[in-house]
Amino acid sequence: VQLQASGGGLVQAGGSLRLSCAASRSTFSFKSMGWYRQAPGKQRELVAGIGSGGSTNYADSVKGRFTISRDNAENSVYLQMNSLKPEDTAVYYCNALRITGLGYEYTYWGQGTQVTVSS
């Protein structure tokens, strides 16, 4: 399984970006998908996740500003980021979790896309 992330870039504080992640297989097969980020010198952290049934969860720092969505017809997951702040600067990674019928778990990662927010 391959995850191809795109949409990062340089934006001024207060601006918006939309990240996209295209999967090489049907997203119906994933129990959950999400976006993580890692800033220099910091650990990777969950930004937003979305379950197969559409339930979502967000890091407190992005609630009300970011929106995660998935389009199973396009095998994609998206992250709409509004009101961006300099502290949102990081490499953003797409993530997917698949659980087989026997209960084995497989986690997949995209290659990362850089988001830089200037003040």
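**Note on the predicted model: salt bridges, sheet, disulfide and surface patch**

1. Aspartate 60 is exposed, because its relative accessibility of 65% is over the 50% mark. The model is a predicted one. Every value below is computed from it.

2. Which residue does aspartate 60 pair with in a salt bridge? The partner is lysine 63. Their closest N and O atoms are 3.1 Å apart. The structure holds 4 salt bridges, and this pair is one of them.

3. Next, arginine 65 and aspartate 88. Their side chains meet in a salt bridge, at 2.8 Å from N to O. Arginine 65 sits in the loop between strand E6 (56-58) and E7, and aspartate 88 sits in the loop between strand E8 (76-81) and E9, so the contact ties together parts that are 23 residues apart in sequence.

4. Are these two residues buried or exposed? Arginine 65 is buried, with a relative accessible area of 10%. Aspartate 88 is buried too, at 1%. Both count as buried because the cut-off is under 20%.

5. Glutamate 45 and arginine 37 also meet in a salt bridge, at 2.7 Å from N to O. Glutamate 45 is partly exposed, at 36% relative accessibility. Arginine 37 is buried, at 7%.

6. Which residues are linked in a network of salt bridges? They are Arg37, Glu45, Arg65 and Asp88. The network therefore takes in buried arginine 37 and partly exposed glutamate 45.

7. How many bridges join E1 and strand E3 (residues 17-23)? There are 4, and the pairing is antiparallel. Within this part of the sheet, alanine 5 stands opposite cysteine 21 in E3.

8. Cysteine 21 also takes part in a disulfide. A search of the whole structure finds 1 such link. It joins cysteine 21 to cysteine 94, with an S to S distance of 2.0 Å. The angle about the S-S bond is -80°, and the link is left-handed. Cysteine 21 lies in strand E3 and cysteine 94 in strand E9 (residues 90-99), so the pair ties together parts that are 73 residues apart in sequence.

9. Are the two cysteines buried or exposed? Cysteine 21 counts as buried, at 0% relative accessibility. Cysteine 94 is buried as well, with a relative accessible area of 0%. The values lie under the 20% cut-off, which is why both residues get this label.

10. Last, the surface. Leu102, Tyr104 and Tyr106 form a nonpolar patch there. Together they have about 380 Å² of accessible area. Tyrosine 106 lies in strand E10 (residues 105-109). Tyrosine 106 is partly exposed, with a relative accessible area of 38%.

Definitions and conventions
Residues are numbered from 1 along each chain as its sequence is written. This is a predicted model: local features need pLDDT of at least 70, side-chain atom pairs count only at pLDDT 80 or more; totals for chains, interfaces and linings use all residues. Side-chain values use heavy atoms; hydrogens and water are left out. Two strands pair if DSSP finds at least two bridges between them. Helices (H or I, at least four residues) and strands (E, at least two) are DSSP runs, numbered from the N terminus. A disulfide is a pair of cysteine sulfur atoms within 2.5 Å. Buried means under 20% relative accessible area, exposed over 50%, partly exposed in between (1.4 Å probe, protein chains only). Patches are made of residues with over 30% relative accessible area and no salt bridge: like charges are joined within 9 Å, nonpolar side chains (Val, Leu, Ile, Met, Phe, Trp, Tyr) within 5 Å. Accessible areas come from the Shrake-Rupley method with a 1.4 Å probe; for residues, only the protein chains shown count as cover.
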